[in-house]
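Colleague: I am new to this structure and would like to go through it in questions. Please show it to me.

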Amino acid sequence: MIAEAGLAALWLAAGLAALQFVLMIMALRSHIDAARTMRSIAAVQGVLTLISFGALLFVFARTDLSVALVFENSHSAKPFIYKVAGAWGNHEGSMLLWVTVLAFAGALLALLSRRTNERTLVAALGAQAALALGFYAFLLVASNPFARLNPAPLEGRGLNPLLQDPGLAFHPPTLYLGYVGLSIAFSLAVGALLTGDVDSRLARAMRPWVLGAWILLTLGITAGSYWAYYELGWGGWWFWDPVENASLMPWLAATALLHSVSVLASRGALKAWTMMLAVIAFSMSMVGTFLVRSGILTSVHAFAIDPERGTFLLALLAIYVGAAFTLFALRGVTLKEGAPFELISRESGLVVNNLLLSVILGVVFLGTLYPLFVEAVTGEKLSVGAPYFNAVAGPLALILAALVAVGPLLRWRSDSRPILKRLTIPALLSASALAMTIIVAPEIGILPRLGLTAAAFLAAACWLPLVGRNPLRTPLAIWGMVIAHFGIAVALAGMAVDSAFTRQTLAVVKQGETLSVGPWTVELGDVVPTAGKNWTAIEAEIHASRGQGLETLKPQTRYFTDPPTETNEAAIETFWNGQLYTVIGKPDASGGWQVRLWWKPFVTLIWLGGVLIAFGGALALVGRAWRGWRSKRDRGWRERYA
Amino acid sequence: MSRAIRFAPLVLLLLLIAGLIWRLVTPVDTNVPSKLEGKAVPAFALAAGLPTKPGLSSTDLATGKPHIVNIFASWCVPCITEVRVLQQLRSQGVSIDGIAVRDRPADIADFLARNGDPYERIGSDTESKVQISLGSSGVPESFIVDGRGIIRYQHIGPIEAADVPMILGKLEQSK
């Protein structure tokens with residue numbers, strides 16, 4: 001009953017989306033006033049998808065095995081939280097989540113948007129409805145999440161044990177919120193291209209959506225990276241895997257968009273470029289979803305491969321992105337660029353930022369799809385991995401990090417002040433950081449060394465925009481920018497230190513024997529069996545010490561019965577200056593155990609930096625919302641008492 | 001900005017879509033073709049795996065006649081079924097040499113006594129060095145080497161009865 005209600009809600013929502021799209025066309029053609037109706041329709045559509053997704057959560061929480069999807073992906077013995085998370089840990093459920101967020105974001109746009117030009121809003125709501133319509137069709141035709149089984153089976157088929165992890169239960173929905181949040185930027189851009197009203201008002205309406213989506217993408221990528229780090233048991237935090245790249249590409253585009261939309265909002269410049277980026281950012285989300293869901297590229301993320309679904313998603317991608325690009329090609333020429341700016345100005349700085357981010361995006365995009373094209377053209381199989389990405393994207397990212405320090409110091413339009421003078425202290429700091437790495441660690445690679453240099457420069461220079469301001473009266477948005485930029489420096493420092501100074505030991509040892517890794521002496525203690533709710537495990541006691549104190553870590557190898565799978569649960573101990581990472585592997589015939597150990601100095605800075613970047617974004621979002629609300633209130637008072 | 005540039009994104013998108021469609025309609029072939037096919041067997045000389053048979057070196061393979069070089073081990077279960085197919089090939093006049101990977105003479109003798117012995121020569125590759133230089137990642141694997149010592153074909157996994165015509169065909173081509 002609940003499942004049927006969910007399905008019915010989905011059909012109704014699809015019908016409303018179709019209506020909303022038709023209304024948009026009528027309104028744009030004959031100038032009828034459809035804005036109010038469309039706002040209500042969008043809101044109801046959002047509520048209906050929430051009901052549908054709620055129904056799916058409910059059948060998963062109850063483990064209703066008569067629903068095929070629950071049977072395939074759940075099990076009565078699973079912990080409750082993972083039963084619920086199972087709702088989106090599969091293809092159909094994740095697509096329902098996708099369309100729910102799409103419709104819900106459309107509803108919020110309809111309800112909250114007061115700043116946009118009415119006709120542009122109508123066009124944007126129509127575009128959002130068109131987007132939603134395609135994904136409703138995809139769900140209802142090719143991946144119905146509510147299909148029943150008759151008779152109902154007695155037990156479900158479990159869930160991939162790798163997914164039974166809090167990190168992974170919440171990392172995909174966060175990313176999805178980010179991906180789909182960008183759909184609003186896409187729809188607003190398409191709407192504005194349709195009506196021709198590309199101006200700073202549009203940019204100000206678009207900015208909170210871009211910012212919000214970007215914050216969630218940042219958090220999602222950071223969480224995904226940490227999950228891969230501790231769950232996959234190889235001590236790495238980024239693998240340049242196609243699915244990771246699929247989340248990185250929208251982030252790069254959104255980061256560029258975030259900066260160019262500010263130029264458009266403040267100065268009315270970069271119109272065509274900003275519209276293009278808004279289209280590209282969400283297109284990258286769709287490309288990412290397509291790559292992940294079609295299984296077209298081989299990846300450690302083995303999702304179900306289904307050519308029919310792949311074809312459907314590809315068709316949607318071609319229609320939406322193709323339509324937006326065509327619109328851009330036809331209408332882009334009519335856009336008049338706004339206020340001019342000089343070579344040395346905030347605008348130029350942001351253009352350089354955008355160019356670098358776009359080139360990095362291109363590099364990642366090419367690297368991800370290159371194997372596909374080489375095979376199509378020459379039939380040769382190859383894979384592109386870290387050596388390419390690090391060598392090409394790494395230096396560009398370093399240049400960008402150094403420029404991040406300079407950009408915020410520039411004034412809009414033109415700047416003739418001696419900027420370089422203000423950067424004396426950061427420059428001295430980074431020079432001494434460089435000198436120190438050469439003296440202390442002459443053996444490290446060039447990229448980590450320059451990474452540390454750039455991180456030191458940025459970490460000092462990012463605070464300069466606050467100099468000469470009263471910290472309490474500085475707008476939150478400025479604080480947000482400073483903290484986000486500081487987060488980049490922190491993450492960069494973590495990456496550089498990790499790649500330069502990680503120590504690892506892989507060995508087979510017997511109980512009581514010792515190993516050493518970095519400053520640590522590590523002894524293998526007892527290895528004992530243990531069990532959880534739906535797994536059994538071998539747990540090792542590993543005693544580690546460096547001079548004084550004794551730490552005990554307990555890594556496990558877990559065996560899940562349903563489906564039969566084995567996972568390594570790394571034991572990680574965090575210290576102020578790094579993490580000790582231990583994995584227990586298989587026994588050998590003579591009573592020894594495979595043990596893998598890593599000492600990773602300051603590795604936590606990578607994720608701390610990611611969180612700081614997102615926190616900075618959140619401060620900016622709150623600051624802007626607060627200012628917007630206050631100026632509206634002031635205007636209200638002025639009108640009342642004038 | 002000129003009009004042509006504004007159409008560039010659309011053109012790039014169409015190229016991408018074409019590539020992706022090609023990928024969707026061509027079935028994914030997970031077999032990675034051997035990089036060594038068409039190349040000479042890397043030089044090696046292995047000691048005898050059994051006291052009763054000669055060992056194997058790369059020069060033994062360039063004798064003017066095609067050979068099958070079979071990588072096997074007494075501890076490998078699929079090799080048990082494969083060895084029977086190899087005997088069938090042997091009875092049709094095919095020269096088969098073995099490389100025993102990480103094995104001991106007594107175990108090899110035991111394995112062949114129990115399952116049959118198709119090999120003319122057996123080299124003992126105790127540390128998998130030759131196996132790795134041949135680009136082989138597991139047991140069993142087989143190489144067809146032509147009379148000049150050039151690798152013509154790499155077969156990953158056991159040769160099954162159904163593969164025999166294909167193997168005979170490859171041997172015929174290698175003459």
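Modeller: Some terms come before the questions: two strands pair if DSSP finds at least two bridges between them. Helices (H or I, at least four residues) and strands (E, at least two) are DSSP runs, numbered from the N terminus. This is a predicted model, in which local features need pLDDT of at least 70, side-chain atom pairs count only at pLDDT 80 or more, and totals for chains, interfaces and linings use all residues. Residues are numbered from 1 along each chain as its sequence is written, and chains are lettered from A and ligands numbered from 1 in the order in which they are written.

Colleague: Which residue of strand 10 of chain A stands opposite Leu580(A)?

Modeller: Strand 9 (residues 578-587) of chain A pairs with strand 10 (residues 593-601) of chain A in the antiparallel sense, over eight bridges. Within strand 10 of chain A, the residue opposite Leu580(A) is Trp599(A).

Colleague: Which residue in the turn between strand 9 and strand 10 of chain A has a positive phi?

Modeller: These two strands of chain A form a hairpin with five residues between them. The phi in question is about 90 degrees, and the residue is Gly591(A).

Colleague: What is the strand order of the open sheet in chain A?

Modeller: The sheet has four strands with antiparallel pairing. Strand 1 (503-509) and strand 8 (571-575) of chain A each have a single partner strand, so they stand at the edges. Seven bridges join strand 1 to strand 10 of chain A. The order is 1-10-9-8.

Colleague: How many residues of strand 10 of chain A are buried?

Modeller: A residue is buried if 20 or more other C-beta atoms lie within 10 Å of its own, exposed if 12 or fewer, and partly exposed in between, with C-beta atoms placed from the backbone. Strand 10 of chain A is largely enclosed by the rest of the structure, because its buried residues number seven of nine.

Colleague: Which helix of chain A supplies the largest share of the side that touches chain B?

Modeller: Two residues are in contact if their C-beta atoms, placed from the backbone, lie within 7 Å. By that test, 21 residues of chain A are in contact with 15 residues of chain B. Helix 10 (271-294), helix 11 (307-331) and helix 12 (346-378) of chain A each supply at least two residues of this side. The largest share, 11 residues, comes from helix 11.

Colleague: How many helices and strands are there in chain B?

Modeller: Along the sequence, chain B follows the pattern α-β-β-β-α-β-α-β-α-β-β-α. That gives five helices and seven strands.
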